[in-house]
Amino acid sequence: MGIDRRSMVTGALFAGAVASNPARATMASILAIPEPAETIDLWPTVPPGAPSILPVERIEERSAVTDRPDRIITGVTRPRMALFTPDRPNGAAVLIAPGGGYRQEAFDNSGYQIANWLTGHGYHAFVLLYRLPGEGWAERADVPLADAQRAMRLIRHRAVRWGLSPERVAVMGFSAGGHVCADLAARFAYASYRPVDAADALSARPFCAAPIYPVVSMDRTIAHAGSREKLLGPNPGAALEAAHSPHRTTTPQSPPHFLVHAEDDATVSVENTLRLRAALRAAGVSVDTHIFAEGGHGFGLARIAGMPVAAWPELWLGWARRMRLA
């Protein structure tokens, strides 16, 4: 696995703190992000529904702190997965969908950092860089789901190569990526694209799902307005809203869920998670729910220090063990 210069600098900056402060050492391991071991394209050629003029991919660094990258990506024309591999694999994998309001994807904060944490616990981690629905693709509202379905199938198709159990592939998503996660868990069998190869004969159903502070409902009264507009367009009808609200498409076949949200989230209302929880319970689907008083939005792993919401990573690890993911 290649290590870039930023990762090397980060390691040096934190080296003195590691021995004296275990909590800071843990944070250092999250922030010192290595390069992916491998990058896997989702589609053998141009993705389905491509516009005549493809968007231009751009990566922007938002952080002013050298050792804390916070990059965003837009214009994804080559949807792909960044694979991070553990030193001591447990045979399970997690597909991670970063957030960004369907306008961009914050692939450090809600992607690579999460992957780095998961590999430390034995999981293969696949960060999904999915197409953004407002960038000219046909069937825009199904574009993120199509990429997520294809990613799940490719992981299973190549599981032997990576030493994985094809069954034990989970999904985790944050904010709008939480919508990708919840939508996949609800509509894993929906035909969002035409099959392109043998991988598409496999199931896209996740073993379990963890939407974290997720966008869920497209109901104008509680929806994240930016995500709703990017996904559905400016004037969606009631049927389109319902079709893309996972709390309205959940079925008894949906996998077990782990939900996390903060009540003081001023970006995505906690009502999104509460509606998803109610729908899962009504369908008889196992759901483990954690609502915290404080945390705001976008806390991921790097913005939880000193708050009760800092418990969520350990809570997920315990839940994953109970679900027998690992």
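Glutamine 149 contacts Leu184, Arg187, Phe188, Ala189, Tyr190, Ser192, Tyr193 and Ala204, leaving aside neighbours within four places in sequence. The residue sits in helix α4 and is buried, at 0% relative accessible area. This is a predicted model.

- Helix α7 spans residues 225-232.
- Its buried residues are Ser227, Arg228, Leu231 and Leu232.
- Seen down the axis of α7, these buried residues fall within an arc of 100°, so they line one face of the helix.
- The cover over the buried residues of α7 includes α4 (143-157), α6 (176-186) and α8 (238-243).
- Helix α4, one of those covering elements, is also where glutamine 149 lies.

- The volume of the second largest pocket is about 270 Å³.
- Its lining is made up of 16 residues.
- Gly99, Gly100, Ala106, Ser175 and His297 are the lining residues nearest the pocket centre.
- By class, the lining has 11 polar, three charged and two nonpolar residues.

**Asparagine 109 in helix α3**

- Asparagine 109 is placed in helix α3, which covers residues 108-119.
- Is asparagine 109 buried or exposed? Its relative accessible area is 8%, and the cut-off for buried is under 20%, so asparagine 109 counts as buried.
- Its side chain reaches the backbone oxygen of glycine 298 at 3.3 Å.
- Not counting residues up to four places away in sequence, asparagine 109 touches Asp70, Ile114, Gly298 and Arg303.

**Glycine 295 in a loop**

- Glycine 295 is in the loop between β10 (287-292) and α11 (312-322).
- At 14% relative accessibility, glycine 295 is buried.
- Which residues does glycine 295 contact, leaving aside neighbours within four places in sequence? They are Ala262, Asp264, Met307 and Val309.
- Alanine 305 is 10 residues away from glycine 295 in sequence. The C-alpha to C-alpha distance between glycine 295 and alanine 305 is 9.8 Å.

**Two tyrosines with positive phi**

- Tyrosine 102 is not a glycine, yet it has a positive phi of about 60°.
- Tyrosine 102 lies in the loop between β5 (93-97) and α3.
- The relative accessible area of tyrosine 102 is 2%, and the residue is buried.
- Tyrosine 213 also has a positive phi, of about 35°, although it is not a glycine.
- The loop between β8 (209-212) and α7 holds tyrosine 213.
- Tyrosine 213 counts as buried, at 2% relative accessibility.

**Points to locate in the structure**

- Around α3, look for tyrosine 102 in the loop between β5 and α3, and for asparagine 109 within the helix.
- For the pocket, start from the residues nearest its centre, including Ser175 and His297.

Technical notes
Residues are numbered from 1 along each chain as its sequence is written. This is a predicted model: local features need pLDDT of at least 70, side-chain atom pairs count only at pLDDT 80 or more; totals for chains, interfaces and linings use all residues. Side-chain values use heavy atoms; hydrogens and water are left out. Buried means under 20% relative accessible area, exposed over 50%, partly exposed in between (1.4 Å probe, protein chains only). Helices (H or I, at least four residues) and strands (E, at least two) are DSSP runs, numbered from the N terminus. The arc is that of the directions from the helix axis to the C-beta atoms. Contact means heavy atoms within 4.5 Å. On a 1 Å grid over the protein atoms alone, a cavity is a set of points where a 1.4 Å probe fits but cannot get out, and a pocket is an open set with protein on both sides within 12 Å along at least five of seven lines; lining residues have an atom within 4 Å of a point. Grid points are joined across faces, edges and corners, and a volume is the space filled by probe spheres set on the points. Ala, Val, Leu, Ile, Met, Phe, Trp, Tyr, Cys and Pro count as nonpolar, Asp, Glu, Lys and Arg as charged, and the others, Gly among them, as polar. A polar contact is a pair of N or O atoms within 3.5 Å; within protein, one must be able to donate a hydrogen and the other to accept it, and residues adjacent in sequence count only if both atoms are side-chain atoms.
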